[in-house]
Amino acid sequence: MSPTFDTVAVGDELSPTSYQVRRRDLIRYAGASGDFNVIHWNERVAVSVGLPSVIAHGMFTMATAGRFVSDWVGDPGAIVEYGVRFTTMIPVPDDDEGATIEVSGRISAKDDTARTATVLLTAVSGGQKVLGKATAVVRLS
Amino acid sequence: MGVNPQIAGRVYPPSPAYEVGREKIREFATAINSSDPVHSDPEAARALGYPDVIAPPTLAVLIAQLSEGQLINDPEAGIDYARVVHGEERFVHHRPIVAGDRLVATLTVDKVGTAGKLTMVNTRVELADEKGEPVTTVTSVIVVRGAEEA
C-alpha cells in the first residue's frame with residue numbers, strides 16, 4: 001500500500017534495496033540519455049585516464065536511487081524535489097554481476113503545510129557512499 | 001587556459017523547444033530499469049490523474065544537458081570538457097514532465113568558484129512550457145580540474 005502523509009513519521013526507515021549495474025546497463029543508459037562520455041563504456045580509455053575500470057554514469061546512480069523513492073511512494077510524479085552530490089565513482093567490472101548499489105532511506109522531515117515528506121537517501125557501492133546530501137521531497141496524499 | 005570567472009551571471013538564449021515523446025519516456029524508463037506503467041501506459045498515467053505518460057524524475061537532465069552544451073562550447077568560457085566531472089545535480093519539479101510537452105530551456109551561469117586547482121561552475125536551467133509556465137528547474141555543479149593535474 002502506498003504511504004500517505006498521515007501514516008509516515010519522521011525517523012521511519014524505507015526497506016533497503018540492492019540494484020545491479022552491469023556494462024549493458026551503462027550502454028543502454030548512454031543511448032537513452034545521450035551521455036556518450038567514453039569513460040562509461042570504453043575500458044581502454046577509462047584506464048588510460050587513470051580510472052580503475054569503466055565507471056557508471058553518476059546520473060544512472062541518481063536515477064536508480066530516484067526509482068527507490070518512486071517505487072516506495074507509488075507515483076514518480078510525487079517527487080517534487082530531488083538533489084544529490086556525486087561523491088565516489090562506481091567501477092563496473094566486465095562480468096555478469098557488474099557492481100551493486102545498496103540504497104536505503106529515512107524520513108528526515110515533514111511539512112504540514114505542503115503535505116510533503118523529505119527522504120534522506122544513502123547509496124553505497126563497494127563499501128563507499130556514492131551519493132552525498134541525497135534528498136528527495138515527496139508529496140503525499 | 002582556465003575557466004573564465006567573467007561568465008558568472010551569463011544567461012544564454014533560450015533553446016528551441018524540445019518535444020517530449022512517449023517513446024522517449026518509455027526508452028529512458030527502460031534504461032533506468034523502471035517497469036512503472038506510469039512511464040509507458042497512458043491509461044495507467046490517467047488513473048493517477050496525469051493527461052499522458054510522465055517522465056521519470058531525472059529525465060529532465062537530458063533536456064538540461066542539451067542546453068548546457070552552449071556553455072561547454074562557449075569559447076569565452078574556457079571549459080575543457082575532458083577535465084569536467086559532475087559534482088551535483090538537483091531537480092525542482094513544478095509539475096511532472098508529461099508526454100507531448102514542448103519545453104524551452106534557458107541556461108544561466110549562477111556562480112563560478114575555485115578551491116585549489118578545482119573550479120566549480122554552478123548552472124541553472126529553467127524548463128518552461130510554450131506558455132512560459134515553469135515546469136522544472138535543473139541546477140548542476142560541474143567541477144573542472146586544473147591544467148596542472150593530469
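Chain B has three helices and five strands. This is a predicted model. Along the sequence of chain B, the elements come in the order β-α-α-α-β-β-β-β.

| Property of chain B | Value |
|---|---|
| Span of the C-alpha trace along the principal axes | about 55 × 35 × 20 Å |
| Share of the 150 residues that count as buried | 34% |
| Share of contacts with a separation of 6 or more that join residues 24 or more positions apart | 71% |

Next comes the interface. Between the two chains, 25 residues of chain A are in contact with 24 residues of chain B. On chain A, the elements that each give two or more residues to the side touching chain B are α1 (23–33), α3 (58–73) and β2 (79–86). Of these, α3(A) gives the most, with nine residues. Sorted by class, the side of chain A that touches chain B holds twelve nonpolar, eight polar and five charged residues.

Strand pairing also crosses between the chains. β2(A) is joined by five bridges to strand β2 of chain B, residues 84–93. The two strands run antiparallel. For A:R85, the bridge partner in β2(B) is B:E88.

How values were computed: Residues are numbered from 1 along each chain as its sequence is written. Chains are lettered from A and ligands numbered from 1 in the order in which they are written. This is a predicted model: local features need pLDDT of at least 70, side-chain atom pairs count only at pLDDT 80 or more; totals for chains, interfaces and linings use all residues. Two residues are in contact if their C-beta atoms, placed from the backbone, lie within 7 Å. Helices (H or I, at least four residues) and strands (E, at least two) are DSSP runs, numbered from the N terminus. Ala, Val, Leu, Ile, Met, Phe, Trp, Tyr, Cys and Pro count as nonpolar, Asp, Glu, Lys and Arg as charged, and the others, Gly among them, as polar. Two strands pair if DSSP finds at least two bridges between them. A residue is buried if 20 or more other C-beta atoms lie within 10 Å of its own, exposed if 12 or fewer, and partly exposed in between; C-beta atoms are placed from the backbone.
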